[in-house]
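Hi,

Here is the structure I promised to pass on to you.

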Amino acid sequence: MIQKLSNYLVNIFLVLLGTISLIGAVTELAVMQNKLSVTKNILFTSLVLVIVCIFIFRKQVKNLVELCCASKYIFNVIFLVIFCGLIFYQLNMIQALTGIMEFDPAFIYSLILHKPIVGSSYFSWYPNLLLLLNIENVVYHLLDNPNIYFFLKSLNVINLFLIDAGLMLIFLTVKKQLNKKYAFITLLMAILIFGLTPYIAIPYSDNWAFFLMSIYIFLLSTIYNKKQFHFNIIPIIFIGIDSALLYKMKPSTIIVLIATIVVLFVTILSKGKQYLNFQNIKKQLLILFLFIMPFLLTISTCNYFVDNNNLIKIEKNSSAGPLHFMAMGLHGDGGYWWDFNSKDESLPPKDRKGYEIKVIKKDIRDFGTLNNFINFLIKKQQKNSSLGSWQRETGPVTWNLSPKLRVKNHFQSLLRKLFVQNEYFQWNGALVFIQIFWVFVIAFMILSYRCSNSFAQLLKYTVVGGYLFLLLFEGGTSRYMIQYLPVVLVLSSYGMKKIFSK
């Protein structure tokens with residue numbers, strides 16, 4: 001009864017927020033199609049017709065996929081061809097797009113190269129950048145202090161590993177919870193919406209968060225079977241380590257840990273007296289110990305390297321707090337607010353909280369009416385999650401890029417022409433082909449509402465928690481959804497099963 005109530009509660013938010021995202025995604029799709037060239041519009045329409053035919057003949061498609069999955073040889077050949085093709089594409093993408101950037105990625109690599117663009121106060125203000133700074137600094141020294149372009153290319157090769165390993169872990173998670181057929185289809189969707197994007201050429205924390213979140217849900221899937229979680233020492237220890245790394249890389253990913261605690265609490269309540277005996281309490285305390293110790297040790301290790309790095313001196317208690325990001329999240333379109341950030345950072349630490357609360361109160365007053373506030377939330381939810389560009393726009397994305405490596409073949413020239421224009425990442429009409437699959441992922445995710453097992457609920461609480469976090473705090477760009485993307489993809493596989501099982 002309690003588990004059903006929990007599922008009902010989380011479904012209310014999942015369906016509500018997911019539907020708002022779906023409306024936004026479909027609207028963006030229509031906008032993108034209107035901007036297509038004649039040739040691309042014909043290709044896009046043909047793709048939609050193919051998808052419609054797949055839905056109409058879904059039973060036959062399902063049988064074909066099952067046939068391929070049933071033959072180990074055929075499946076392995078198809079799987080190998082797809083992954084080799086993906087890696088070939090990504091390596092050419094790296095050669096075509098690697099170059100100098102601006103903002104956070106540039107702030108990090110320029111500091112490592114001893115040519116800082118910003119001072120130490122920036123990293124004290126945004127301490128979540130410090131783990132990535134230390135990782136990239138280690139890579140730089142392992143490569144024996146290379147030039148900037150070889151260094152950036154090496155970081156992008158690491159991106160290749162992070163993205164592809166994350167994709168593989170998503171496949172293994174769905175295979176463990178559902179079956180190989182839905183795992184394969186989910187993998188294809190994941191490749192299309194993230195594996196093919198230019199993000200492989202951006203050395204930043206988003207790709208690390210994608211990888212670490214994929215590890216987290218995979219580890220959870222290894223201890224969840226037959227509608228309950230099982231005690232297993234090794235995965236629990238690694239979940240503790242991975243949770244700490246997620247938190248240090250992207251603090252907002254702590255939502256997945258909160259979701260885990262909520263689901264475990266619901267499970268204990270639903271089982272009642274079965275969990276409230278001495279043996280079970282002792283077991284639960286041991287599990288808690290096996291999680292907390294690696295978590296704290298990992299946090300301490302990260303903090304040690306932050307305090308003892310040879311690049312920058314970090315000022316304690318100088319970071320932007322939650323109220324800072326809430327003030328930005330409730331202003332304008334809910335995105336980054338340059339003027340407020342500059343003023344807040346310039347204030348003495350003791351004066352910031354009062355100023356931030358004052359700004360938040362003004363933000364709330366500026367809405368005027370409840371309808372205006374609801375309208376703001378709808379628009380912000382769509383900005384946060386509707387675009388498959390993983391940025392704010394359908395055209396040039398936020399990241400500046402000036403490719404510097406020499407292209408070695410026609411395919412690389414084509415990729416550079418497609419994804420770079422006027423020294424900015426630019427989709428040039430290609431985004432519409434990604435966006436349509438993002439629409440389907442959101443739709444499948446909404447259709448997972450019927451799944452009520454603990455693992456599915458954990459995924460739902462994580463997605464809903466991520467949505468609510470981005471509504472309350474700084475958002476305004478779908479880039480912040482990358483950290484939750486593995487969860488969204490795995491959850492969508494449950495909805496996909498509901499469609500294809502009919």
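**Salt bridges and charged residues**

K181 is buried, with a relative accessible area of 8%. Do keep in mind that this is a predicted model.

The partner of K181 is E66: their side chains form a salt bridge with an N to O distance of 2.8 Å. This pair ties together distant parts of the chain, with E66 in helix α3 (residues 58-70) and K181 in helix α9 (residues 180-195), 115 residues apart.

How many salt bridges does the structure hold? There are five. One of them joins K350 to D351, where the closest N and O atoms are 3.3 Å apart. K350 is exposed, with a relative accessible area of 71%, while D351 is partly exposed at 33%.

Another salt bridge links the side chains of D366 and K362, at 3.0 Å from N to O. These two residues lie four apart in helix α16 (residues 349-367), so about one helical turn separates them. D366 is exposed, with a relative accessible area of 51%, and K362 is partly exposed at 45%. Salt bridges with shared partners also connect D206, K250 and R479 into one network.

R479 sits in the loop between α20 and α21 (485-500), yet it counts as buried, at 10% relative accessibility. From R479 to S454 there are 25 residues in sequence and 28 Å in space, C-alpha to C-alpha.

**Aromatic rings**

A search of the whole structure gives 29 aromatic pairs. In one of them, the ring centres of F75 and F79 are 5.7 Å apart and the planes meet at 35 degrees, so this pair is tilted. F75 and F79 are four residues apart in helix α4 (residues 72-97), which puts about one helical turn between them.

For another geometry, take F367 and F373: their ring centres are 5.1 Å apart and their planes stand at 70 degrees, so the pair is edge-to-face. Here F367 is buried at 12% relative accessibility, whereas F373 is partly exposed at 28%.

F75 and F79 also belong to one aromatic cluster together with F83, F171 and F184. A second case of a charge over a ring is R58, which lies over the face of F55 at 4.4 Å from the ring centre.

**Cysteines**

The disulfide count is zero. Taking C53 as an example, the closest cysteine sulfur is that of C68, and at 19 Å it is too far away for a bond. C53 is partly exposed, with a relative accessible area of 40%, while C302 is buried at 9%.

Finally, L5, Y8, L9, I12, F13 and L468 make a nonpolar surface patch of about 590 Å². Helix α1 (residues 2-34) supplies the largest share of the patch, five residues. L468 belongs to helix α20 (residues 454-472) and is partly exposed, with a relative accessible area of 38%.

Best wishes

Key. Residues are numbered from 1 along each chain as its sequence is written. This is a predicted model: local features need pLDDT of at least 70, side-chain atom pairs count only at pLDDT 80 or more; totals for chains, interfaces and linings use all residues. Side-chain values use heavy atoms; hydrogens and water are left out. Patches are made of residues with over 30% relative accessible area and no salt bridge: like charges are joined within 9 Å, nonpolar side chains (Val, Leu, Ile, Met, Phe, Trp, Tyr) within 5 Å. Accessible areas come from the Shrake-Rupley method with a 1.4 Å probe; for residues, only the protein chains shown count as cover. A salt bridge is a side-chain nitrogen of Lys or Arg within 4 Å of a carboxyl oxygen of Asp or Glu. Buried means under 20% relative accessible area, exposed over 50%, partly exposed in between (1.4 Å probe, protein chains only). A disulfide is a pair of cysteine sulfur atoms within 2.5 Å. Rings of Phe, Tyr and Trp (its six-membered ring) pair if their centres lie within 6.5 Å; planes under 30 degrees apart count as stacked, over 60 as edge-to-face and the rest as tilted. A charge sits over a ring if NZ of Lys or CZ of Arg is within 6 Å of the ring centre and within 35 degrees of the ring normal.
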